[in-house]
Amino acid sequence: MKQAIECLRCRTPMEPGLILDATYGGSLQEQWVSGTPDTTFWQGLKIDKQELIPVTTMRCPTCGALESYARRAV
């Protein structure tokens, strides 16, 4: 995210970050995928990994509000 995003509540510039997804033995960045995933016995969810979009979460340092964005890299 290259342009500054202001908090919708208090108009303070927000800071970028991420929400961690805990996995077995580590942490990953939250990701978004379109549609409703099918479940599989071995993998849990059947998704097209090429369609995953990393989620950036902006935090307002003044009021603590969080806003999440899933934008494709340009």
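Contact here means heavy atoms within 4.5 Å. The model is predicted, so local features need pLDDT of at least 70 and side-chain atom pairs count only at pLDDT 80 or more, while totals for chains, interfaces and linings use all residues. Residues are numbered from 1 along each chain as its sequence is written, and side-chain values use heavy atoms, with hydrogens and water left out.

**Threonine 12**
- Threonine 12 lies in the segment before β1 (15-17), where strands (E, at least two residues) are DSSP runs numbered from the N terminus.
- Leaving aside neighbours within four places in sequence, threonine 12 is in contact with Ile5, Glu6, Cys7, Cys60, Pro61 and Thr62.
- Threonine 12 counts as buried at 18% relative accessibility, given that buried means under 20% relative accessible area, exposed over 50% and partly exposed in between (1.4 Å probe, protein chains only).

**Cysteines**
- With a disulfide taken as a pair of cysteine sulfur atoms within 2.5 Å, the count comes to zero.
- Cysteine 7 is in no disulfide, the nearest cysteine sulfur being that of cysteine 63 at 3.7 Å, and cysteine 7 is buried at 0% relative accessibility.
- The sulfur of cysteine 10 has its closest cysteine sulfur in cysteine 60, 3.4 Å away and therefore too far for a bond; cysteine 10 is partly exposed, with a relative accessible area of 30%.

**Lining by class**
- The lining of the second largest pocket has five nonpolar residues (Ala, Val, Leu, Ile, Met, Phe, Trp, Tyr, Cys and Pro count as such), two charged (Asp, Glu, Lys and Arg) and two polar (the others, Gly among them).

Note on methods. Helix = DSSP H or I, 4+ residues; strand = E, 2+ residues; numbered from the N terminus.
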